[in-house]
Amino acid sequence: MGAVAWLSHNVIIGSIFGSAGVLLIPLQDRLHVSRGLAAIGVPMVIVGSAFLASVAGVLAARYSLRRMMAVSGVLMLLAWLILAFAHSYWLFLFSYALLLGPAMAVGGSVLPPTLVTRWFQRHRGLAIGIVHLPIVITIMPLAASLVISRFGVTALFLALAAFAAVTLIPGSLALIEYPPGHDPRRYATETARERSARGAPAAEPVFTVTRLLQNPRFWLLALAVGAVNTSSVTLAAHLPAMGVAWGYAATSAAALASVMSLVGMAGSIIFGLVSDKIGGARTLALIAFDNIILWSLLLMDLPYTARAVVVGIIGMHGSGAIPAISKAMASTFGEASFSRAFGLTSTATLPLMIASVIGFGLIFQARGSYAPAIVIMVAYFVFVLPLAIAAGRRTSVRSGPR
């Protein structure tokens, strides 16, 4: 099931984001639009998937993950087929916003950690870290570029459609919802006395979306992981421009973004292991503490190599947020409510990411420097550090051993 979760995450993330840069110029030529309009597809997927993540979380708690993975595969297939033959900008927007966005929310974001949470009680953080290793996205740009250069952009869209069809749909058939004997639906009508008679642990409390929004622990964790996600998204969006503002050539500034992505891959494994050792909430606190130091270093006039190291380590900490928050949400709210809590976190913290990305640009435009914006980011981490520590001290929901 770990492999199925990895497949769902990697195929969707890799197909959408791995092909984005390569498709930019061909889409601009095909749709006869500006570079900015051609690039709007991926931001629409990011915003749409974060907005829909809370809905996907509720669906994952109510309906079959197998069916949801199959639906994600069908949405991906339809999107790439439409893009293969469409020359309309509106169909382009429809494909990215209403097909790829929901597929990302369901199969790329909520489903993989939900499936891992159900199957892994021990080494859960490490398992989630491995599942989120972005392997396909590192291969996709080169593969997509080769296909376009030899066969054209239509062939690439058809290849992406085939890729979704031969991976996600068969993967959904292999998906098993729960480990044998641990399906809560089987004992949904069972009384506490009947559970005790067969030696089962007490039933976990179920947290609805309303109960989660009213729960202080949810907001402690959401604000903590929101800081990490906001940091990663903001830095990824502004790093090339920040590099130029620091006096580097455009190519050197762009290389910083590559360093951030490549070094960041190790974070999901490293902080997955850390989450298993000290808990998800404490791992978020550690990430926040480290980011206070790392972002403060960006205020210093460091040599290029040193600055690249700092940026890479920030990327590594950003990748560690997923196993950390997954471990924390599962421990705090239980497996039955995990998908709701995880999805709602993405939706609740979306305004922070949008405000940060826009705010960094506005601050630079007004002040001619990114330094004030970096100071605000440091202050944000200072604010959430005690929140994450407090969340780590709260009582957790416990599940039976697996």
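1. Helix 2 gives the most to the lining of the largest cavity, with three residues. Helices here are DSSP runs (H or I, at least four residues), numbered from the N terminus. The model is predicted, so local features need pLDDT of at least 70 and side-chain atom pairs pLDDT 80 or more, while totals for chains, interfaces and linings use all residues. Residues are numbered from 1 along each chain as its sequence is written, and side-chain values use heavy atoms, with hydrogens and water left out.

2. The structure has one cavity of 30 Å³ or more. A cavity is a set of points on a 1 Å grid over the protein atoms alone where a 1.4 Å probe fits but cannot get out, and lining residues have an atom within 4 Å of a point. The volume of the largest cavity is about 40 Å³, a volume being the space filled by probe spheres set on the points.

3. Its lining consists of Leu 27, Arg 30, Leu 31, Leu 83, Ala 86, Ser 88, Leu 91, Phe 92 and Phe 157. Helix 2 (20-31) and helix 6 (89-119) are the elements that give two or more residues to this lining. By class, seven lining residues are nonpolar, one is polar and one is charged.

4. The largest nonpolar core has 109 residues, and those with the most contacts inside it are Met 76, Trp 80, Phe 157, Leu 221, Trp 295 and Phe 381. Helix 6 gives the most to this core, with 14 residues. Such a core is a set of buried Ala, Val, Leu, Ile, Met, Phe, Trp, Tyr and Cys residues joined through side-chain atoms within 4.5 Å.

5. Leaving aside neighbours within four places in sequence, Trp 80 is in contact (heavy atoms within 4.5 Å) with Ser 15, Ile 16, Ser 19, Tyr 96, Leu 100, Phe 157, Leu 160 and Ala 161.

6. Thr 230 is in helix 12 (residues 216-245). With a relative accessible area of 2%, Thr 230 is buried; buried means under 20%, exposed over 50% and partly exposed in between, with a 1.4 Å probe and protein chains only. A polar atom of the Thr 230 side chain lies 2.6 Å from the backbone oxygen of Gly 226. Not counting residues up to four places away in sequence, Thr 230 touches Leu 352, Met 353, Ser 356, Met 377 and Tyr 380.

7. Pro 180 is in the loop between helix 9 (153-174) and helix 10 (192-197). Pro 180 counts as exposed, at 72% relative accessibility. Its C-alpha atom is separated by 40 Å from that of Pro 141, 39 residues apart along the chain.

Note on methods: 1 Å grid on protein atoms, 1.4 Å probe; cavity = no way out; pocket = protein on both sides within 12 Å on 5 of 7 lines; lining within 4 Å. Nonpolar A, V, L, I, M, F, W, Y, C, P; charged D, E, K, R; others polar. Polar contact = N/O pair within 3.5 Å; in protein donor to acceptor, adjacent residues only side chain to side chain.
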